[in-house]
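Work through the exercises below with the model open. Try each task before reading its solution.

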Amino acid sequence: MHPIELILALLAVVVVLGVAARRLGVPDPVLLVVGGLVLGLQPWAPGFELDPNVVFLFFLPPLLYAAAFRTPWPEFRAQLRAISMLAVGLVLFTTAAVAVVAHYAVGMPWAVACVLGAIVSPPDAVAAIAVTQKVRVPKLMTTILEGESLVNDASALVALRVAAGAVTSGVFSVWDAGAQFVWVNAGGVALGIVGGWAVVHLHSWLDRRKLVDAKLTITITLLTPYAVYLTAEHLHLSGVLAAVAAGLWVGNRCERVFSCELYQEATAVWEWIEFLLNGLVFILVGLALRGILENLGSQFEFEALIVYTAVIVGTVIGARLVWMFPGAYLPRWIDGLLGAPVHYPPWQNVVIVGWTGMRGVVSLAAALALPLTVEGGHPFPYRDLILFFTFWVIFGTLVVQGLTLPLLIRTLGVSAPAEELEAERAARRVC
């Protein structure tokens with residue numbers, strides 16, 4: 001089958017599964033991953049291998065930029081500590097927890113175990129937003145979850161770069177790793193702000209010169225995330241944070257850039273593009289399992305694989321739940337000791353945030369991007385097993401947590417206050 005025919009066929013499948021997801025009342029990513037898995041395991045299905053460069057360079061920048069564009073900066077800034085605790089602290093904690101389990105339970109060397117931990121540590125921005133849009137939770141929780149998922153990829157990818165470097169070269173330095181973490185992330189944010197500032201001024205210049213045209217303006221918005229992401233990556237900075245920072249900068253100044261009519265046109269185009277990209281991303285995740293299973297071959301006993309997979313998936317889910325309560329309450333307790341006013345979140349809300357940890361395409365792309373060989377030409381150790389675990393972490397968290405989240409929300413009685421829902425409806429009526 002020609003690649004273009006395959007893409008068109010997959011888009012048709014995305015539409016069918018999207019309709020089915022709405023009929024069944026389940027989040028789109030869940031049914032798309034399951035559908036991709038079932039489709040990929042059919043003997044007549046064409047072989048498919050997901051290129052990580054396609055994910056990182058084609059899918060990721062616009063999806064991150066669009067999510068950041070919609071995030072109000074005042075709300076993001078107000079929850080910056082909570083977001084940082086999850087996006088940095090929890091990512092590193094999960095990386096360490098998975099590494100310990102992979103080392104002692106599976107027998108992976110420490111550096112390889114850290115690679116696995118870094119790959120599966122970040123919840124996915126696309127999955128989190130797609131699932132939380134289906135439920136009515138307080139705006140504060142949505143801001144924290146979306147903010148975490150926008151930033152945590154950068155933490156995980158830097159940790160992965162350091163761990164993979166230790167595997168391939170056999171050298172690791174805590175000082176170099178810390179300096180690289182700060183430089184890559186801070187540089188990505190700075191570049192994204194500069195890019196966002198430049199785009200806002202470009203739109204303003206076009207407006208002053210009476211050169212505003214809907215097609216031209218929307219095309220600029222589509223090119224913006226790719227421009228900042230690729231520039232950051234070429235400078236060895238965080239393209240993820242560059243796209244997020246640019247999206248936050250432009251999105252919170254959009255009233256200076258777009259008229260109401262132009263904003264509505266751009267929103268319609270972006271929503272269509274997001275639907276297509278989201279659908280393709282998750283169905284491609286499901287299709288990728290077939291190649292992963294074929295490559296794994298008979299290296300491990302089937303029973304052992306089941307046990308190892310259950311342990312790794314359980315560790316990923318459990319680490320988030322273990323982190324949540326001290327991460328939510330300890331900083332506030334310290335604030336109280338220092339005399340600051342303290343508001344402790346209800347434990348039910350903490351549980352919901354802890355259960356919303358779905359992994360997605362970034363983890364799979366990161367695993368697929370691992371080099372085939374290490375220094376000396378030897379194969380990258382446990383690479384196929386890392387791919388196998390990564391897929392099932394994605395599948396397990398998406399399906400188990402994605403399907404049970406609405407029930408858990410109803411059981412714990414967590415819902416958005418009536419005034420928040422009315423404010424949201426009023427905001428939709430304004431423009």
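## Exercise 1: Overall fold

Of the contacts in the chain with a separation of 6 or more, 82% join residues 24 or more positions apart. The model is predicted.

**Solution.** 
1. Along the principal axes, the C-alpha atoms fill roughly 65 × 65 × 45 Å.
2. Buried residues make up 51% of the 431 residues.

## Exercise 2: Salt bridges

**Task.** State how many salt bridges the structure holds.

**Solution.** 
1. Start with the total. The structure holds five salt bridges.
2. Take arginine 81 and aspartate 335. Their side chains meet at 2.8 Å, N to O.
3. Arginine 81 is in helix H5 (residues 80–106) and aspartate 335 is in helix H14, so the bridge ties together parts 254 residues apart in sequence.
4. Check the cover. Arginine 81 is partly exposed, because its relative accessibility is 44%.
5. Take arginine 320 and glutamate 148.
6. Arginine 320 sits in helix H14 and glutamate 148 in helix H8 (residues 139–169), so parts 172 residues apart in sequence are tied together.
7. Check both partners. Arginine 320 has 1% relative accessibility and counts as buried. Glutamate 148 has 2% and is buried as well.
8. Take lysine 215 and aspartate 213. Their side chains form a salt bridge at 4.0 Å, N to O.
9. Check the cover again. Lysine 215 is exposed at 64% relative accessibility, while aspartate 213 is partly exposed at 32%.

## Exercise 3: Positive phi

**Task.** Where do histidine 236 and tyrosine 382 lie? Are they buried, partly exposed or exposed?

**Solution.** 
1. Recall the background. Most residues other than glycine have a negative phi.
2. Read the first angle. Histidine 236 is not a glycine, yet its phi is positive, about 60°.
3. Histidine 236 lies in the loop between helix H10 (214–234) and helix H11 (239–251).
4. Classify. Histidine 236 has a relative accessible area of 59%, so it is exposed.
5. Read the second angle. Tyrosine 382 has a positive phi near 60°.
6. Tyrosine 382 is in the loop between helix H16 (361–368) and helix H17 (383–412).
7. Classify. At 30% relative accessibility, tyrosine 382 counts as partly exposed.

## Exercise 4: A nonpolar patch

**Task.** Which residues make the nonpolar surface patch of about 720 Å²? Locate leucine 330.

**Solution.** 
1. List the members. The patch is made by Leu330, Trp333, Ile334, Leu337, Leu338, Val342 and Tyr344.
2. Locate one of them. Leucine 330 is in helix H14 (residues 302–337).
3. Classify. Leucine 330 is partly exposed, because its relative accessibility is 45%.
4. Check the entry rule. Patch residues need over 30% relative accessible area.

Terms used: Residues are numbered from 1 along each chain as its sequence is written. This is a predicted model: local features need pLDDT of at least 70, side-chain atom pairs count only at pLDDT 80 or more; totals for chains, interfaces and linings use all residues. Side-chain values use heavy atoms; hydrogens and water are left out. Patches are made of residues with over 30% relative accessible area and no salt bridge: like charges are joined within 9 Å, nonpolar side chains (Val, Leu, Ile, Met, Phe, Trp, Tyr) within 5 Å. Accessible areas come from the Shrake-Rupley method with a 1.4 Å probe; for residues, only the protein chains shown count as cover. Helices (H or I, at least four residues) and strands (E, at least two) are DSSP runs, numbered from the N terminus. Buried means under 20% relative accessible area, exposed over 50%, partly exposed in between (1.4 Å probe, protein chains only). Contact means heavy atoms within 4.5 Å.
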